[in-house]
Amino acid sequence: MPTLPPAGMPDPVNEPHRLRRVAESFGVDAERYDRTRPPYPDTLVRRIAATAPGPDLLDVGIGTGTAARQFRAVGCRLLGVEPDPRMADFARRGGIEVEVARFEEWEPAGRTFDAVVAGQAWHWVDAVVGARKAARVLRPGGRLAAFWNVARPPAEVARAFAAVYERLAPEALVARAYRPEASAGHGYPTLVDRAADGMRQAGAFGEPERWQVDWECAYTRDAWLDQLPTQGDHGGLSPQVLARVLAGVGEALDALGGGFTMSYTAVAVTAARTAA
């Protein structure tokens, strides 16, 4: 049975936008985050850009600018909104304009856009409030697109990782993703459903669509351990526990041959703004 969050703590699947401690932990090492987190399939980026009525995009939760750089490469102009000033500073170094605020509280000052996008970030936004805010700043026909990379490790890798987390950090939120009862893409179907329901409740969008692109990434032992501290609530582990987790995962990967291939599905939920 999955570990429940402590009393008074928001449900990490149904109320992730209330987990501010986790949401604001990624900027501790923005350079590592940018270096190790995977990009998004070009086919998905191009499809979102092509179905917007113009090139002006607002990137919500822009982070270090991973998706923003991909959209810029296909001809889009971007403004980012990011609650973590450390992540915002990193994105700015890449030449992207970023304003520091939570999206729900951000002031658009009359500006409008052809698309509002959010890569690996919309679950940190209240789905209904965020969709209504997006509708306010979208031009008629503009597109709201929230998308995630959903990771599915091979079964033997998931079992090996589960053993490490159960032994060293059983209360960590990430531990539940590797448990046998967790389905592939644990938690993400709920996040996608929440995003779609928010768009419907906003009352300003057509029926949401779901797009997905399957892809793979091969990880060496060192590459996976480099990325691991940027995932989930690893940033909330004590340095001692994190060091033990990294050592345990490293030993597990050594036993599996020194690396593995992760299957990813990039999942987008998207809808067009109806005419006012």
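Two strands count as paired here if DSSP finds at least two bridges between them. With that in hand, take a look at strands E4 (residues 113–119) and E5 (residues 138–152) in this predicted model: they run parallel and are joined by 6 bridges. One spot to look at is Gly119, which stands opposite Phe147 in E5.

Now zoom out to the whole sheet. E4 and E5 belong to an open sheet of 7 strands, with mixed pairing and the order E3-E2-E1-E4-E5-E7-E6. At the edges you'll find E3 (97–100) and E6 (209–220); each has a single partner strand, so one side of each is left without a neighbour in the sheet. Direction ignored, neighbouring strands of this sheet are turned by 20 degrees against each other on average.

Something also sits against this sheet. Helix H6 (residues 127–137) packs on it, touching E4, E5 and strand E1 (56–60). The direction of H6 makes about 140 degrees with that of E5.

Follow the sheet order on from E5 and you get to E7. These two strands run antiparallel, with 10 bridges joining them, and Leu144 has Ala271 in E7 as its bridge partner. From there, E7 pairs with E6, again in the antiparallel sense, over 12 bridges. Here Thr220 has Gly259 in E7 as its bridge partner. How much of E7 (residues 259–272) is covered? Mostly, it is: 10 of its 14 residues are buried.

On to the aromatics. The structure holds 13 aromatic pairs, and one of them is Tyr165 with Tyr178, a stacked pair with 5.6 Å centre to centre and 15 degrees between the planes.

The charged end of Arg47 sits over the ring of Trp211, 3.9 Å from its centre. Likewise, Lys133 has its charged end over the ring of Phe103, with 5.5 Å to the ring centre.

Conventions:
Residues are numbered from 1 along each chain as its sequence is written. This is a predicted model: local features need pLDDT of at least 70, side-chain atom pairs count only at pLDDT 80 or more; totals for chains, interfaces and linings use all residues. Side-chain values use heavy atoms; hydrogens and water are left out. Rings of Phe, Tyr and Trp (its six-membered ring) pair if their centres lie within 6.5 Å; planes under 30 degrees apart count as stacked, over 60 as edge-to-face and the rest as tilted. A charge sits over a ring if NZ of Lys or CZ of Arg is within 6 Å of the ring centre and within 35 degrees of the ring normal. Helices (H or I, at least four residues) and strands (E, at least two) are DSSP runs, numbered from the N terminus. Axes are lines fitted to C-alpha atoms, for helices over the stretch in contact, and angles run from 0 to 180 degrees between N-to-C directions. Contact means heavy atoms within 4.5 Å. Buried means under 20% relative accessible area, exposed over 50%, partly exposed in between (1.4 Å probe, protein chains only).
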